Amino acid sequence: QEYTGIKMEVVEWSPAAHKVLENKLGGRKVFLVAATLRPETMYGQTNCFVGTAIKYGVFAANDKEAYVCTLRAARNMTFQGTFDVRGQVNQLAELEGTAIVGAKIKAPFSVYPQVYVLPMDNVLPTKGTGVVTSVPSDSPDDYATLMDLRKKAEYYKIDPVWAAFDPVPVLSTPAYGDMSAPALVKQLKIVSQKDVKQLAEAKELAYKEGFYNGTMLAGEFKGEPVQEAKNKVRASMIGRGVAFAYAEPEGLVISRSA
Ligand code: ZZB
């Protein structure tokens with residue numbers, strides 16, 4: 001599975017995370033790394049998700065940068081030229097998902113330059129980096145979760161301000177219009193992130209329609225078919241240093257929809 005690792009620089013930590021990280025970073029900038037298969041949708045990021053029951057590490061990439069992801073992902077990265085020392089993990093600190101929630105981060109290429117980290121029930125610790133960037137216009141899971149969080153901010157222990165960025169159109173498809181996720185959530189009568197079965201189906205439909213029939217509505221490659229824009233956006237992000245290739249070894253990929 002070839003993902004794109006999106007580097008979301010932390011601008012402001014929650015007080016809990018700040019306390020844990022004090023004196024541990026050696027002056028490094030810290031980035032949450034989100035693994036995505038849809039780089040062309042990054043224009044529509046409204047937030048980022050972590051799992052509240054997941055433990056994350058802060059790993060030194062080099063003298064200037066550190067990445068937040070699962071230990072499992074960091075181990076994979078050590079063999080992919082992501083860190084300056086090959087085969088070796090240099091963990092600077094450990095953070096609970098709950099401590100990362102509320103952090104303010106940069107969302108590269110998004111129409112919203114800075115967004116917040118929110119909790120999601122269905123983040124798998126065994127897939128990608130354990131950090132998921134959220135595009136509620138085109139990911140049914142992200143849309144359903146964002147709506148849950150808005151409806152029950154107190155229950156999810158979030159400040160409503162963190163979930164206030166609205167979905168924006170990124171690509172259009174003949175079947176689902178300008179925003180496939182809300183269209184599919186409605187069509188399949190999905191009411192919350194707990195509807196995992198229907199969400200898996202919605203994801204499949206959104207993927208296929210977006211990839212084969214989608215046209216870009218935002219960004220550098222506006223007007224181009226998604227099939228062509230996908231790798232161009234990826235290359236553009238990598239070229240600007242806001243993303244890198246991240247692969248998952250075959251056979252170890254556990255899909256959320258499996
Ligand atoms: C942004 C995005 C925009 C995504 C979209 C999807 C969509 P798959 O096909 O099952 O491998 N993801 C990544 N890591 C995790 C994780 N640990 N737990 C839960 N979800 C995760 O799914 C790959 C996608 O699942 C990734 O691409 C990421 O969300 C999420 F418009 O990144 B995506 C129709 C989907 N649209």
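Biologist: What makes asparagine 23 count as exposed?

Modeller: In this predicted model, asparagine 23 has 6 C-beta neighbours inside 10 Å. The cut-off for exposed is 12 or fewer, so asparagine 23 counts as exposed.

Biologist: Where is asparagine 23 placed, and what is its phi?

Modeller: Asparagine 23 sits in the loop between helix H1 (15-21) and S2. Its phi is positive, about 65°, although the residue is not a glycine. Most residues other than glycine have a negative phi.

Biologist: What is the phi of lysine 189, and is that residue buried or exposed?

Modeller: Lysine 189 has a positive phi of about 55° and is not a glycine either. It lies in the loop between helix H5 (180-187) and H6. Lysine 189 has 8 other C-beta atoms within 10 Å; exposed requires 12 or fewer, so lysine 189 is exposed.

Biologist: How do you know that lysine 29 counts as exposed?

Modeller: Lysine 29 has 12 C-beta neighbours inside 10 Å. The limit is 12 or fewer, so a count of 12 still meets it and lysine 29 counts as exposed. Lysine 29 lies in strand S2.

Biologist: Which residues is lysine 29 in contact with, leaving aside neighbours within four places in sequence?

Modeller: Lysine 29 is in contact with Glu9, Lys64 and Glu65. For a contact, the C-beta atoms must lie within 7 Å. As for lysine 230, its C-alpha atom is separated from that of lysine 29 by 28 Å, and the two residues are 201 apart along the chain.

Biologist: Which elements supply at least two residues each to the shell around the ligand?

Modeller: They are strand S2 (29-36), strand S9 (131-134) and helix H6 (196-213). H6 gives the largest share, three residues. Of the 22 residues around the ligand, Thr36, Gly128, Asp138, Ser139 and Ala206 come nearest. By class, the shell has eight nonpolar, nine polar and five charged residues.

Biologist: How many of the chain's residues reach a pLDDT of 70 or more?

Modeller: The share is 97%, and the mean pLDDT of the chain is 96. For the complex, the predictor gives an ipTM of 0.98 and a pTM of 0.96.

Note on methods:
Residues numbered from 1 in each chain as written. Predicted model: local features only at pLDDT ≥ 70, side-chain atom pairs only at ≥ 80, totals over all residues. Near = placed C-beta within 6 Å. Helix = DSSP H or I, 4+ residues; strand = E, 2+ residues; numbered from the N terminus. Nonpolar A, V, L, I, M, F, W, Y, C, P; charged D, E, K, R; others polar. pLDDT = per-residue confidence, 0-100. Buried ≥ 20, exposed ≤ 12 C-beta atoms within 10 Å, placed from the backbone. Contact = placed C-beta atoms within 7 Å.
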